[in-house]
Amino acid sequence: REPGAAMEAGPAPGPDPDPDPGTGPAMDVGPEPVTGPVPVTDPATDPDVEPLHRGGFRCRLCQITAANRPSLLSHLAGKRHRRLRELRAERRAQELRSLFVSGFPRGTEPARLRQHFRAFGDVATVVMDKEKVGRGLRSSPGARGPLGYGLPQVEAQLALLVRALELSAAERRLRELLLALLREALAEFLPGCSLVPYGSSVNGFDVHGCDLDLPLELGGRDPPPEGTPAGDGDPQGQGTPSGAGDTP
Ligand SMILES: [Zn+2]
């Protein structure tokens with residue numbers, strides 16, 4: 001996986017577009033204590049308020065219900081509701097200013113990215129991807145992992161794993177033989193049919209003990225057009241997928 005970084009631009013110049021009109025002052029710089037005027041919202045038009053059939057209201061934002069209008073109003077003016085609205089506005093504003101970049105060399109310093117992208121505007125923060133994938137699989141030289149060979153490189157470990165799991169030439173011949181026998185036997189009863197392997201036996205992901213998928217194509221006649229009943233009851237109209245079970 002390529003390294004990536006999320007970057008957040010600085011506050012936009014001029015008046016910020018308010019992504020959540022009605023929240024009061026635009027929240028674009030970090031968390032702030034809940035102060036300022038109580039936002040005046042009309043519960044009839046507030047998209048966060050859902051009137052309930054059985055009476056009362058539900059605040060979609062806070063996932064709570066209020067039994068009546070006065071308690072709804074007091075909730076809407078309450079600290080919890082206002083804080084959540086502010087957080088939401090803050091996150092939406094962050095979304096508008098954030099950018100994900102990738103494709104730079106592993107080990108690039110955040111300061112270097114910041115410097116480069118400064119050409120397009122202020123860069124407030126750079127958050128680098130944690131390089132979990134590489135770190136998790138690399139073993140220190142001489143370490144004895146589950147495979148016991150002290151391999152320092154991920155690729156070498158993978159090659160070893162493939163050698164341990166892949167089918168031998170004898171196993172492949174056995175599968176080909178099985179396929180030939182099945183084809184011969186089925187041709188007796190279903191002339192014109194064909195067995196076409198698919199899945200792991202074709203795409204190279206087959207391992208010891210994996211199954212052998214063999215759809216059986218009955219062939220011969222075209223299936224009836226969509227919407228028309230099968231009519232004459234001839235079951236040979238369509239191919240029927242069928243898989244052979246696990247084969248050693
Ligand atoms: Zn609420």
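Me: Is Asp-48 buried or exposed?
Reply: Asp-48 has a relative accessible area of 8%. Residues under 20% are called buried, those over 50% exposed and those in between partly exposed (1.4 Å probe, protein chains only). At 8%, Asp-48 is therefore buried.

Me: What kind of model are we looking at?
Reply: Numbering runs from 1 along each chain as its sequence is written, and side-chain values use heavy atoms, leaving out hydrogens and water. Local features need pLDDT of at least 70, side-chain atom pairs count only at pLDDT 80 or more, and totals for chains, interfaces and linings use all residues, the model being predicted.

Me: Which residue meets Asp-48 in a salt bridge?
Reply: A salt bridge needs a side-chain nitrogen of Lys or Arg within 4 Å of a carboxyl oxygen of Asp or Glu. Here the N to O distance is 2.8 Å.

Me: How many salt bridges does a search of the whole structure find?
Reply: The bridge between Arg-88 and Asp-48 is one that turns up, and the bridge between Arg-83 and Glu-86 is another. Over the whole structure, the search total is six.

Me: What separates Arg-83 and Glu-86 along helix H2?
Reply: The closest N and O atoms of this salt bridge are 3.2 Å apart. Arg-83 is partly exposed at 24%, while Glu-86 is buried at 10%. Because the two are three residues apart in helix H2, their separation is about one helical turn.

**Around the zinc ion**

Me: Which protein atoms are the donors of the zinc ion?
Reply: Donors are N, O and S atoms within 2.8 Å of the metal (3.2 Å for Na, K and Ca), and water is not among the atoms, so sites may look incomplete. The donors here lie 2.0 to 2.2 Å from the zinc ion, and their residues follow the spacing C-x2-C-x12-H-x5-H. They are Cys-59 (SG), Cys-62 (SG), His-75 (NE2) and His-81 (ND1).

Me: What arrangement do the four donor atoms make around the zinc ion?
Reply: Four donors count as tetrahedral if all angles lie between 85 and 135 degrees; four are square planar and six octahedral if opposite donors are over 155 degrees apart and all others between 65 and 115, and anything else is irregular. The angles around the zinc ion are 107 to 111°, so the arrangement is tetrahedral.

Me: How many residues apart are Cys-59 and His-75?
Reply: Cys-59 is buried, and His-75 is buried too. Cys-59 belongs to strand S3 (residues 57–59) and His-75 to helix H1 (residues 69–76). The pair links distant parts of the chain, its separation being 16 residues.

**Loop S3 to S4**

Me: Which residue forms a salt bridge with Arg-60?
Reply: Arg-60, partly exposed at 44%, lies in the loop between S3 and strand S4 (64–66). Its partner lies in strand S2, so the bridge ties together parts that are 10 residues apart in sequence. The closest N and O atoms are 3.6 Å apart, and the partner is Glu-50.

Me: What is the phi of Gln-63 near?
Reply: Gln-63 is in the loop between S3 and S4, and it counts as exposed at 54% relative accessibility. Most residues other than glycine have a negative phi. Gln-63 is not a glycine, yet its phi is positive, near 60°.

**Rings**

Me: What is the angle between the planes of Phe-117 and Phe-120?
Reply: A search of the whole structure finds one aromatic pair, formed by Phe-117 and Phe-120 with centres 6.1 Å apart. Rings of Phe, Tyr and Trp (its six-membered ring) pair if their centres lie within 6.5 Å; planes under 30 degrees apart count as stacked, over 60 as edge-to-face and the rest as tilted. This pair is tilted, with an angle of 50°.

Notes. Helix = DSSP H or I, 4+ residues; strand = E, 2+ residues; numbered from the N terminus.
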